Amino acid sequence: MAYKIAIVGLGKIAMDQHVPCITKNRKFKLVATVSRHASLPGLPHFSSLSDLIASKVKVDCVALCTPPSVRLAMATQALDAGLDVLIEKPPTPTLGEMLAMVAHAKKKKRVLYATWHSRYNDALDKAKALLKGKTVTRLRINWKEDVNKWHPGQEWIAQPGGFGVFDPGINALSAVTKILPEPLYVERSSIEVPENWSTPIGVHITFKRGDGAPADLQAEFDWRQRGEQIWEIELATADGMEMKLTQGGSVLWVNGKLVIEAKLEEYEQIYAKFANLLKARKSDTDATPLQLVCDAFMLAKPKVVAPFKWD
Ligand code: NAP
């Protein structure tokens, strides 16, 4: 029998990925949507989660595709109503909210799945296997994209809890923390915040190893990129392996040779995994990428830059 699912927050990612991936996965049936301004033809629609819960529509689980700032309240409400919950990335605006959400799901004995879509491709699985047991001495994350292109009109990204350029940057951190054989810590960071924003548009992070051994580990996120969009990760190991992941981590090069060009099926894999978690009654709530972003904010030297104007 298919899991009856409702999507909450029918915006860009819900329409681009969640609706099509749920529709083609026979383990799920999309039974309703919750959104204040949007709906899907022929499907029961509610303007709030409370209205869905009070309705006669039977639901097993919800996919929360709203911005992170409203997720804890929504997840709590869904868990209290006996629903299992899948959440978009970043899970919550703060680590405190994430810990509260995880604890509440445990208390209510419900499945909570904090998705990190950038972790799901075969190139990253291969990279993780190749890095096993090695010491990473150099890391360069270059995540540079045009905010106008990927977040048109999304004012929430500039509000507190909207993450700014950490919204895509956390994708890079989710990929890197999947493949690295050892944990990564923030040493220092600098953030550039437009005068009319509460969140950064440019970030530079210097990381360190936990054992204090010398290493050159850095990340740069920028939302002011024009032309070519860059989502790349370069790594070098103590025994001389050089690895490069391009195209958001889906194309893997080792010592200059192409190893794998993975098919992009992130959300297909997310829903396949959610079905497995529901069957096993297990949660998946890794907070490591969020922890790194929180630490980068905590250790940041801030700089106010020119006001940002949308195209
Ligand atoms: P979006 O287009 O702004 O969609 C979010 C939807 O949530 C809005 O359409 C809105 O629908 C609802 N919403 C917004 N503010 C709300 C509030 N205060 N209370 C209740 N509902 C609210 O944003 P998005 O790009 O889909 O991103 C949503 C999440 O997915 C983010 O966490 C983002 O990082 C993640 N994500 C986005 C992408 C992407 O390509 N854009 C990719 C992967 C992951 P109504 O106004 O109809 O309620």
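This is a predicted model: local features need pLDDT of at least 70, side-chain atom pairs count only at pLDDT 80 or more; totals for chains, interfaces and linings use all residues.

Visitor: Which atom of histidine 37 is 2.6 Å from an oxygen atom of the ligand?

Guide: In histidine 37, an N or O atom of the side chain is 2.6 Å from a ligand oxygen atom. With lysine 12, by contrast, a polar backbone atom is involved, at 2.9 Å from an oxygen atom of the ligand.

Visitor: How many residues surround the ligand, and which are the closest?

Guide: The ligand is surrounded by 24 residues, and Ser35, Arg36, His37, Lys89 and Asp167 are the closest of them.

Visitor: How should I read the backbone geometry?

Guide: As a general idea, most peptide bonds are trans, and most residues other than glycine have a negative phi. Here, the peptide bond from lysine 89 to proline 90 is cis, with omega near -20 degrees. Proline 90 belongs to the loop that runs between β5 (84–87) and α4 (95–107).

Visitor: What is the phi of lysine 109, and where is this residue found?

Guide: Lysine 109 is not a glycine, yet its phi is positive, at about 55 degrees. Its place is the loop between α4 and β6 (112–114).

Visitor: How is the packing of two helices described?

Guide: The crossing in which α1 passes α8 is right-handed. From α1, the contact uses Ile13, Gln17, His18, Cys21, Ile22 and Lys24, and from α8 it uses Tyr267, Glu268 and Tyr271. The classes represented in this contact of α1 with α8 are 5 nonpolar, 2 polar and 2 charged residues.

Visitor: At what angle do α5 and α7 pack, and which residues make the contact?

Guide: Helix α5 (residues 122–131) and helix α7 (residues 166–179) pack at about 40 degrees, with 8 Å between their axes. α5 is therefore oblique to α7. On the α5 side the contact is formed by Leu124, Asp125, Ala127, Lys128 and Leu131, and on the α7 side by Ala175, Lys178 and Ile179. This contact of α5 with α7 has 5 nonpolar residues, no polar residues and 3 charged residues.

Visitor: How do the axes of α7 and α9 cross?

Guide: The axes of α7 and helix α9 (residues 288–298) cross at roughly 125 degrees and come within 8 Å. These two helices, α7 and α9, are therefore oblique to each other, and α7 passes α9 in a right-handed crossing. From α7, Phe166, Ile170, Leu173, Ser174 and Thr177 meet Thr288, Pro289, Leu290, Leu292, Val293, Ala296 and Phe297 of α9.

Visitor: How many residues of each class does the contact of α7 with α9 have?

Guide: The contact of α7 with α9 has 9 nonpolar and 3 polar residues, and no charged residues.

How values were computed. Residues are numbered from 1 along each chain as its sequence is written. Side-chain values use heavy atoms; hydrogens and water are left out. A crossing is left-handed if the near helix is turned anticlockwise from the far one by less than a right angle, and right-handed if clockwise. Helices (H or I, at least four residues) and strands (E, at least two) are DSSP runs, numbered from the N terminus. Contact means heavy atoms within 4.5 Å. Ala, Val, Leu, Ile, Met, Phe, Trp, Tyr, Cys and Pro count as nonpolar, Asp, Glu, Lys and Arg as charged, and the others, Gly among them, as polar. A residue is near a molecule or strand if one of its heavy atoms lies within 4 Å of it. A polar contact is a pair of N or O atoms within 3.5 Å; within protein, one must be able to donate a hydrogen and the other to accept it, and residues adjacent in sequence count only if both atoms are side-chain atoms. Axes are lines fitted to C-alpha atoms, for helices over the stretch in contact, and angles run from 0 to 180 degrees between N-to-C directions. Angles under 35 degrees count as roughly parallel, over 145 as roughly antiparallel, 65 to 115 as roughly perpendicular and the rest as oblique.
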